[in-house]
Amino acid sequence: IEMFKSLFINSKLSDPSGDRQKAFERFEKLGLPTKSNEAWKYTSLKPLSKVELSLSTTLAPSHGQGTQVLSDSIEILCVDGRFDIENIKKTLKSFDVEVKTLSSASSQVRKVESQDSFFELNSAFYNEGLYLEFSSKSKLNKPLVIRYQVTQASAFVNPRIYINMKD
């Protein structure tokens with residue numbers, strides 16, 4: 001937990017509402033899962049103590065890499081926890097899918113607290129997230145594939161996507 005605390009203290013992540021601080025405090029209270037947790041009984045987190053993590057410094061996927069319509073799917077690319085929101089908007093507009101940054105959709109996003117320490121850790125560290133809203137007018141006729149790419153060794157990457165299915 002000390003490694004994450006150091007990362008959090010030294011990060012320059014914006015937190016005007018204090019939500020990141022609250023999430024990190026919940027993470028500290030919950031602690032990392034152990035083998036005594038049923039869902040983690042076969043997983044050791046000891047390798048985490050041997051890795052020196054750093055926050056990603058990548059800004060966003062290169063222009064034009066954020067989204068593409070393929071013959072069998074629509075692909076969104078998340079590079080080092082970041083999305084090319086403007087490119088995604090342009091691509092999904094013809095499918096009547098509303099695309100926003102997660103921060104600009106904050107009034108439409110339900111605040112969640114969890115008993116999952118990794119959820120809280122993600123909440124404390126995520127970069128600007130992606131908000132997708134599908135309605136009865138949305139005409140997605142192919143699978144939507146979200147690909148995650150990490151380009152920096154030992155980067156601590158925390159993507160966040162909120163999908164709202166209206167109607």
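Let's start with contacts along the chain. Take the contacts between residues at least 6 apart in sequence: 73% of them join residues at least 24 apart. Keep in mind that this is a predicted model.

How confident is the predictor? The mean pLDDT of the protein chain is 86. Of its residues, 94% reach 70 or more. Go element by element, and strand S2, residues 67-69, has the lowest mean pLDDT, at 77. The highest belongs to strand S6, residues 130-134, at 94.

Now the layout. How many helices and strands does the protein chain have? Four helices and nine strands. Along the sequence, the order reads α-α-β-β-β-β-α-β-α-β-β-β-β. So much for the order; next, the dimensions. Along the principal axes, the C-alpha atoms fill a box of roughly 45 × 35 × 35 Å.

On to burial and surface. The protein chain has 167 residues, and buried ones make up 38% of them.

Charges next. The protein chain carries 23 positive and 20 negative charges. How far apart are their mean positions? The answer is 1 Å.

Let me zoom in on two residues. One is Asn 122. You'll find Asn 122 in helix H4, which covers residues 117-125. Is Asn 122 buried or exposed? Its relative accessibility is 15%, and the cut-off for buried is under 20%, so Asn 122 counts as buried. What does Asn 122 touch? Leave out residues up to four places away in sequence, and the list is Asn 158, Pro 159 and Arg 160. Look at Arg 160 in that list. The side chains of Asn 122 and Arg 160 are joined by a polar contact of 2.6 Å.

The other residue is Val 145. Val 145 sits in strand S7, residues 144-149. The relative accessible area of Val 145 is 24%, so this residue is partly exposed. Which residues does Val 145 touch? Again leaving out residues up to four places away in sequence, they are Ser 73, Ile 74, Glu 75 and Ile 76.

One distance to finish on Val 145. Pro 33 is 112 residues away from Val 145 along the chain. Between the C-alpha atoms of Val 145 and Pro 33, the separation is 30 Å.

To recap the pair: Asn 122 is buried in the model, and Val 145 is partly exposed. That's my tour.

Notes: Residues numbered from 1 in each chain as written. Predicted model: local features only at pLDDT ≥ 70, side-chain atom pairs only at ≥ 80, totals over all residues. Heavy atoms only, no water. Helix = DSSP H or I, 4+ residues; strand = E, 2+ residues; numbered from the N terminus. Buried < 20%, exposed > 50% of the residue type's maximum accessible area, 1.4 Å probe, protein only. Polar contact = N/O pair within 3.5 Å; in protein donor to acceptor, adjacent residues only side chain to side chain. Contact = heavy atoms within 4.5 Å. Lys, Arg positive; Asp, Glu negative; His and termini not counted. Charge placed at Lys NZ, Arg CZ, Asp CG, Glu CD. pLDDT = per-residue confidence, 0-100.
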